[in-house]
Amino acid sequence: MRRHQLAIQLKTPAQIEKMRAAGLVVASALAKMGEAVAPGVSTADLDALAESVIRGAGAVPSFKGYHGFPASICSSVNEQIVHAIPSPQQILRDGDLISIDCGAVLDGWHGDAAITVPVGEVRPELLHMAEVAEDAMWAGIAAAARGAASGRGRLTDISYAVESAVRRSGRRYGIVDGYGGHGIGTEMHQDPHVLNHGRPGRGPRLVPGLALAIEPMITIGSPKTEELDDGWTVVTRDGSVAAHVEHSMALLDDGVWVLTAPDGGRERLGELVTAREPARA
């Protein structure tokens with residue numbers, strides 16, 4: 001976490017505007033996939049839809065070909081936490097919970113976000129877990145905004161806020177270790193790594209120009225994981241269901257901009273959001 005060991009890319013406001021454009025492409029793709037999720041739909045169907053939306057906007061899927069990844073999205077169902085490869089054989093069933101991770105690059109700049117979506121009628125405890133993950137993500141983004149505004153914020157303030165939000169909802173949830181958020185910009189993954197747990201007040205300062213993807217991953221059981229033989233899919237070791245959510249955000253002089261949220265984060269963060277995202281009537 002020491003700054004001299006990290007290559008952190010700070011962005012200008014003009015560059016963040018470009019990232020916002022990429023983020024809106026991702027937001028559109030995720031919205032279309034969220035609407036399409038239903039029993040009988042395959043994860044390959046969702047992947048094809050995402051690629052169509054992304055390329056139709058003049059962008060390119062970030063994930064496809066990334067270190068050999070063969071698809072435009074990660075489609076993680078139930079005990080799959082992250083990085084699951086879409087397949088025509090994986091058919092969604094009533095009661096499933098699917099996490100969809102999507103990225104796009106537009107004009108050289110990346111957007112990256114993830115949603116967790118119920119398939120048909122899903123058990124209330126799984127829906128609640130997805131809400132806990134969502135709330136924790138927004139708590140982390142708010143901590144980043146407040147830390148930058150105060151001039152005293154550090155990277156692990158985000159980690160602490162995510163963990164605290166999850167723990168306030170009870171000890172039943174496991175916070176997945178080894179996977180988390182990251183810097184984002186001209187590459188999809190940049191320094192720094194953003195843990196979803198930890199003590200506050202450590203790591204690089206939270207300053208204008210810093211762009212991060214904040215992405216909690218939690219389980220309704222043990223947080224221990226294993227990777228499948230495909231070299232990508234990460235699953236819970238105990239078979240418990242997981243949730244994964246993510247937004248890309250950037251810090252500016254006058255607030256935070258949630259680049260992959262259609263409203264820039266205004267509904268959840270209010271006046272913490274930069275004036276570059278107009279308040280809606």
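Colleague: Leaving aside neighbours within four places in sequence, which residues is H83 in contact with?
Modeller: This is a predicted model, where local features need pLDDT of at least 70, side-chain atom pairs count only at pLDDT 80 or more, and totals for chains, interfaces and linings use all residues. Residues are numbered from 1 along each chain as its sequence is written, and side-chain values use heavy atoms, without hydrogens and water. Contact means heavy atoms within 4.5 Å. With neighbours within four places in sequence left aside, H83 is in contact with F69, C74, S76, Y179, W232, T233 and V234.

Colleague: Is H83 buried, partly exposed or exposed?
Modeller: Buried means under 20% relative accessible area, exposed over 50%, and partly exposed in between (1.4 Å probe, protein chains only). H83 has a relative accessible area of 25%, so H83 is partly exposed.

Colleague: Which residues does the UniProt annotation "binding site" cover?
Modeller: The entry is unreviewed. Its positions are given in the numbering used here, feature names are shortened, and annotations may be inferred rather than shown by experiment. The UniProt annotation "binding site" covers H83 and H189.

Colleague: Why do they gather at one spot?
Modeller: They span 107 residues in sequence. Yet they gather at one spot, because no two of their C-alpha atoms are more than 14.2 Å apart.

Colleague: The side chain of H189 makes a polar contact with the side chain of which residue?
Modeller: A polar contact is a pair of N or O atoms within 3.5 Å; within protein, one must be able to donate a hydrogen and the other to accept it, and residues adjacent in sequence count only if both atoms are side-chain atoms. At 2.8 Å, the side chain of H189 makes such a contact with the side chain of Y66.
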